[in-house]
Amino acid sequence: MSEPVQTPQTKFTPRIFSGIQPSGGLTLGNYLGALKRFVEKQDEGIETIYCMVDLHAITVWQDPEKLRQQTREGAAAFIAAGIDPARSILFNQSQVSAHAELGWIFNCVARMGWMGRMTQWKDKAGKNAEAASLGLFAYPSLMAADILAYQATMVPVGEDQKQHLELTRDIAIKFNNDFKVDFFPVVDPIIEGAATRVMSLRDGTKKMSKSDPSDQSRINLTDDSDMIAAKIRKAKTDPEPLPETVDGLKDRPEAKNLVNIYAALSGQSVDQVVAEYAGAQFGSFKPKLAELAVAKLSPITTEMNRLMQDPAEIDRILGQGADRAEAIARPIVDKVYDIVGMIRSRGR
Ligand code: AQP
């Protein structure tokens, strides 16, 4: 890897970009690790650009009709959670071709070895990497393009995306070095809060994931109150009561997960939750957690269901967002072509 150049970050306008794959229905993990924080960033008044990354979703097989449905449902989740399409830019990735164009350039900047080291690639390709799509291997390169097509400076994500963001930084640095420019910002990941890694309800060592084969492993944003309560009731735990201190959660992944979820949903610190429930049995903690989860999630689910009644309106919002996104990304990607040495003579 080339030596990093020190780029003066002050020249870039503070701008947030982040995305979610419509590779399934969104989960409590996506909500706490991403959506909830996307809304906080929007409300801090920073320019925010949010995207349903449908090109990423097809790195593994997606049924076309379901993909369309999941993209609209994801957009509905953003809006229901508090994203205002007038203040934030909300769109789906494939409507702005700058992502794919810059993704290709970055495929030529990034190195095979960098991609091969990504733990998400190893996890998702599994033992049968030969049969995985080329797109899955190059996933982080397209992700870097998503961010850098807007010269975004900050990216709120869950813990699982940290490595991909480090690679985004490496790509920006290598591009700047290779072409002797100071064109791309070296982005800052924003990984904050009590629930940067929400774990499966069936296995506290595995991330809660929308593509987990077990529906019992996750809370979906479309689950109704009874389903949420039932999943929490059945969540795997150990036989011990809740500990007196946070240290007591060490080596108790399932207990730790439920406490973290409670803290993130209630806006309390993990210490406060542990202090409140010290010595409690799961038989009494789980109903409290279920009550809290239903109180926080059911208004979002209700609003999502309302929005989903009018898919044309969701498509209109995504289209308008894409126009606004395009207006920012087009000149940036045109400049990249120029830096790389491509002739751009159409319409002259
Ligand atoms: N369990 C999680 N805890 C905290 N944050 C999470 N995120 C995902 N799962 C958790 C965050 O949500 C954002 C969008 O993620 P994504 O949809 O782009 O892809 P992912 O991280 O691969 O999420 P999934 O649910 O596991 O999707 P599949 O199953 O399709 O791979 C990111 O900011 C992510 O960190």
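The model is predicted. Its largest pocket holds about 1,100 Å³ of space, and its largest cavity about 30 Å³. Helix α7 (134-148) is among the elements that line the pocket, and α7 also gives the most residues to the lining of the cavity.

**Largest pocket**
- The space in the largest pocket comes to about 1,100 Å³.
- The lining of this pocket consists of 49 residues, and those closest to the pocket centre are Q120, K124, D160, Q161 and K207.
- Two or more lining residues come from each of the strands β1 (15-20) and β4 (154-156) and the helices α1 (28-43), α6 (119-125), α7 (134-148) and α8 (162-178).
- By class, the pocket lining has 21 polar, 17 nonpolar and 11 charged residues.

**Largest cavity**
- The count of cavities of 30 Å³ or more is one.
- The largest cavity has a volume of about 30 Å³.
- Q120, W121, L136, Y139, P140 and H164 form the lining of this cavity.
- Helices α6 and α7 supply at least two lining residues each, and the contribution of α7 is three residues.
- Four residues of the cavity lining are nonpolar and two are polar, with no charged residue.
- Q120 lines the cavity and is also one of the residues closest to the centre of the largest pocket.

**Contact of α4 with α7**
- The axis of α4 (residues 98-109) comes within 8 Å of the axis of α7, and the two cross at roughly 125°.
- Because of this angle, α4 is oblique to α7.
- The crossing of α4 past α7 is right-handed.
- On the α4 side the contact is made by H99, A100, L102, G103, F106 and N107, and on the α7 side by A138, S141, L142, A144, A145, D146 and L148.
- This contact is made up of eight nonpolar, four polar and one charged residue.

**Contact of α7 with α8**
- The axes of α7 and α8 come within 9 Å and cross at roughly 70°.
- The two helices are therefore roughly perpendicular to each other, since angles of 65 to 115 degrees are classed that way.
- From α7, the residues Y139, P140, S141, M143, A144, I147 and L148 meet H164, L165, L167, T168, I171 and A172 of α8.
- The contact of α7 with α8 contains 10 nonpolar and three polar residues and no charged ones.
- Y139, P140 and H164 take part in this contact and also line the largest cavity.
- S141, A144 and L148 of α7 meet α8 and also belong to the contact with α4.

How values were computed. Residues are numbered from 1 along each chain as its sequence is written. This is a predicted model: local features need pLDDT of at least 70, side-chain atom pairs count only at pLDDT 80 or more; totals for chains, interfaces and linings use all residues. Side-chain values use heavy atoms; hydrogens and water are left out. On a 1 Å grid over the protein atoms alone, a cavity is a set of points where a 1.4 Å probe fits but cannot get out, and a pocket is an open set with protein on both sides within 12 Å along at least five of seven lines; lining residues have an atom within 4 Å of a point. Grid points are joined across faces, edges and corners, and a volume is the space filled by probe spheres set on the points. Helices (H or I, at least four residues) and strands (E, at least two) are DSSP runs, numbered from the N terminus. Ala, Val, Leu, Ile, Met, Phe, Trp, Tyr, Cys and Pro count as nonpolar, Asp, Glu, Lys and Arg as charged, and the others, Gly among them, as polar. Axes are lines fitted to C-alpha atoms, for helices over the stretch in contact, and angles run from 0 to 180 degrees between N-to-C directions. Angles under 35 degrees count as roughly parallel, over 145 as roughly antiparallel, 65 to 115 as roughly perpendicular and the rest as oblique. A crossing is left-handed if the near helix is turned anticlockwise from the far one by less than a right angle, and right-handed if clockwise. Contact means heavy atoms within 4.5 Å.
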